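Please look over the sequence and the model before reading on.

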Amino acid sequence: MQALEVRDLAVTFATERGPLRVLDGISFALPPGRTVALVGESGCGKSVASLAIMGLLPPNAAVEGAIRLEGREIAELPPEERRKLRGADLAMIFQEPMTSLNPVFTAGDQVAEALRLHQGLDRARAQAAAVAMLEAVRIPEAARRARQYPHQLSGGMRQRVMIAMALACRPRVLIADEPTTALDVTVQAQILALLDDMRGETGAAVLLITHDLGVVADHADEVVVMYAGRVAETGPAARVLATPQHPYTVGLLGAAPRLDGPRGTRLATVEGTVPDLADPPAGCRFKTRCPFRVAVCDTAPPLLEVAPGHRAACHRAPLDQLLVAA
């Protein structure tokens, strides 16, 4: 059984310009104890997907499709039932801890809140468990830090508090939405290693949302590449990064800086811009930026298997011969 299964998930916002469909039928599965990375440039729908899974979208959002947590359909649960899952079986680390943490409560109180709500601990036991959790995420002098407010903590410590909050009740699924944004490289490595350690200790499945392909290479088992609200490519991370089969994935990898390249080499770019989702192009949404575009791209491509477990939404996949010729 999958820890999390998303099938044909679509999200449409009611706006002044009319309906805006920002997710258009995405599907993926998250096995227990594994990390699946959701990648793509800003605006592709990664964070909207995570908020839809958590049930945290605003009232003007309409959600279609299936979201199953360990086989249980949760998309249509009443708000109160959905709330019981959040923080207990399903937890999330948000992008920016300074805006996600409550400035008027101490770090310890914010970690303890989940323990009191979901595990029924009294205040003293919850505080003690919160300090233990802060120690588990390697915050030094955890008892003292638990009494401090977010503004008194460094960025790395605030991120660790967020992780402690998310992991306090040992959730089965953890969503990490760009958990290292705005952190320096050393702290980023520490946070990602901490997530790997926690996954190993608790057996939780991790949905890692990022735009950093280096992070994907080092920490993800599977990868789902998104473009303009749709899945462009999906498969084992090592295979997708080594032999990408969608032109968008090829472009993302080409735009990543390399230390082993000749000095003075210009970075490749993906020409053009993301289409307006209020009026997306017919067929393949990447076609206006694709160097391999042909007439058939005016029809929407299916997500075809190009190798065992590796699928790409491109009429011209596999791209091996095209890439050699290019």
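The points below take the sheet, then the aromatic pairs.

The model is predicted: local features need pLDDT of at least 70, side-chain atom pairs count only at pLDDT 80 or more, and totals for chains, interfaces and linings use all residues. Residues are numbered from 1 along each chain as its sequence is written, and side-chain values use heavy atoms, with hydrogens and water left out.

**Sheet**
- An open sheet of mixed pairing is formed by eight strands in the order E6-E7-E8-E3-E9-E10-E12-E11 (strands are DSSP runs of E, at least two residues, numbered from the N terminus; two strands pair if DSSP finds at least two bridges between them).
- Strand E6 (90-93) and E11 are the edges; each has a single partner strand, so one side of each lacks a neighbour in the sheet.
- E6 and strand E7 (residues 173-177) run parallel and are joined by four bridges, with leucine 90 partnered by valine 173 in E7.

**Aromatic pairs**
- There are three aromatic pairs (ring centres of Phe, Tyr or Trp, its six-membered ring, within 6.5 Å; planes under 30 degrees apart are stacked, over 60 edge-to-face, the rest tilted).
- The ring centres of tyrosine 227 and phenylalanine 286 are 5.1 Å apart and the planes stand at 85 degrees, so this pair is edge-to-face.
- Tyr227, Tyr248 and Phe286 are linked into a cluster by ring pairs.
- Tyrosine 227 is buried at 4% relative accessibility, and phenylalanine 286 is buried at 3% (buried means under 20% relative accessible area, exposed over 50%, partly exposed in between, with a 1.4 Å probe and protein chains only).
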